[in-house]
Amino acid sequence: MPVITERFNISTRGFTDIIDITEKVKDAIKKHNPDNAQVMVYVPGSTASITTIEYEPGLLKDLPEAFERFAPRNKTYHHDETWQDGNGYAHVRASMVGNSQSFPVMQYELVLGTWQQIILIDFDNKSRTRCVYVQIIY
Ligand code: ZN
């Protein structure tokens, strides 16, 4: 069972920037073209997450609004008292969503719902360059 690791960089604007990375993940898989595989998509860092969504304009507003209710940006966080970096909200949101998701590949295709895309969310309070890892086991 070979394990192959691909990676790509994504520039973000921060502040709960939601970026569709589905095609980049598919490109990484296509380099190896496994018929059956498990694919893990991972972003290192404590203020960014990987999840899925139906990438359409309504949800691209609904999801940040839900994060704002859950962990508001303008609240004072203990983390900010420690580091004065003002991104306590970003750490809380990223921890709750998580850094990785796994997906099956069957018959050479990444298995996703018709309206399901893989997204990177950058919660940090500044623009960043994120490195996304795609690890393929087959
Ligand atoms: Zn911080």
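**A histidine and its surroundings**

Tutor: Happy to! His-91 is buried, with a relative accessible area of 18%. Keep in mind that this is a predicted model.

Student: Why does His-91 count as buried?

Tutor: Its relative accessible area is 18%, and buried means under 20%, so His-91 falls within that class.

Student: Got it. Where does His-91 lie?

Tutor: You'll find His-91 in helix 4, which covers residues 88-97.

Student: Leaving aside neighbours within four places in sequence, which residues is His-91 in contact with?

Tutor: Ser-46, Thr-47, His-79 and Asp-85 are in contact with His-91. With His-79 there is also a polar contact, side chain to side chain, at 3.0 Å.

Student: And what coordinates the zinc ion?

Tutor: Four residues do: His-79 through NE2, Asp-85 through OD, Asn-87 through OD1 and His-91 through NE2. The distances run from 2.0 to 2.2 Å. His-79 in helix 3 (residues 78-83) and His-91 in helix 4 link distant parts of the chain, 12 residues apart.

Student: What spacing do the zinc donors follow along the chain?

Tutor: The spacing is H-x5-D-x1-N-x3-H.

Student: Why is the arrangement around the zinc ion irregular?

Tutor: Because the four donor atoms subtend angles of 87 to 169°. A tetrahedral call would need all angles between 85 and 135 degrees.

Student: New topic: strands. Which residues of strand 3 are on its covered face?

Tutor: In strand 3 (residues 36-42), Ala-37, Val-39 and Val-41 make up the covered face. The uncovered face has Asn-36, Gln-38, Met-40 and Tyr-42.

Student: How many bridges join strand 3 to strand 5?

Tutor: Seven, and the two strands run antiparallel, strand 5 being residues 100-106. Within that pairing, Val-39 stands opposite Phe-103.

Student: What about strand 3 and strand 8?

Tutor: Five bridges join strand 3 to strand 8 (residues 128-137), and that pair runs antiparallel. There, Val-41 stands opposite Val-134.

Note on methods. Residues are numbered from 1 along each chain as its sequence is written. This is a predicted model: local features need pLDDT of at least 70, side-chain atom pairs count only at pLDDT 80 or more; totals for chains, interfaces and linings use all residues. Side-chain values use heavy atoms; hydrogens and water are left out. Helices (H or I, at least four residues) and strands (E, at least two) are DSSP runs, numbered from the N terminus. Buried means under 20% relative accessible area, exposed over 50%, partly exposed in between (1.4 Å probe, protein chains only). Contact means heavy atoms within 4.5 Å. A polar contact is a pair of N or O atoms within 3.5 Å; within protein, one must be able to donate a hydrogen and the other to accept it, and residues adjacent in sequence count only if both atoms are side-chain atoms. Donors are N, O and S atoms within 2.8 Å of the metal (3.2 Å for Na, K and Ca); water is not among the atoms, so sites may look incomplete. Four donors count as tetrahedral if all angles lie between 85 and 135 degrees; four count as square planar and six as octahedral if opposite donors are over 155 degrees apart and all others between 65 and 115; anything else is irregular. Two strands pair if DSSP finds at least two bridges between them.
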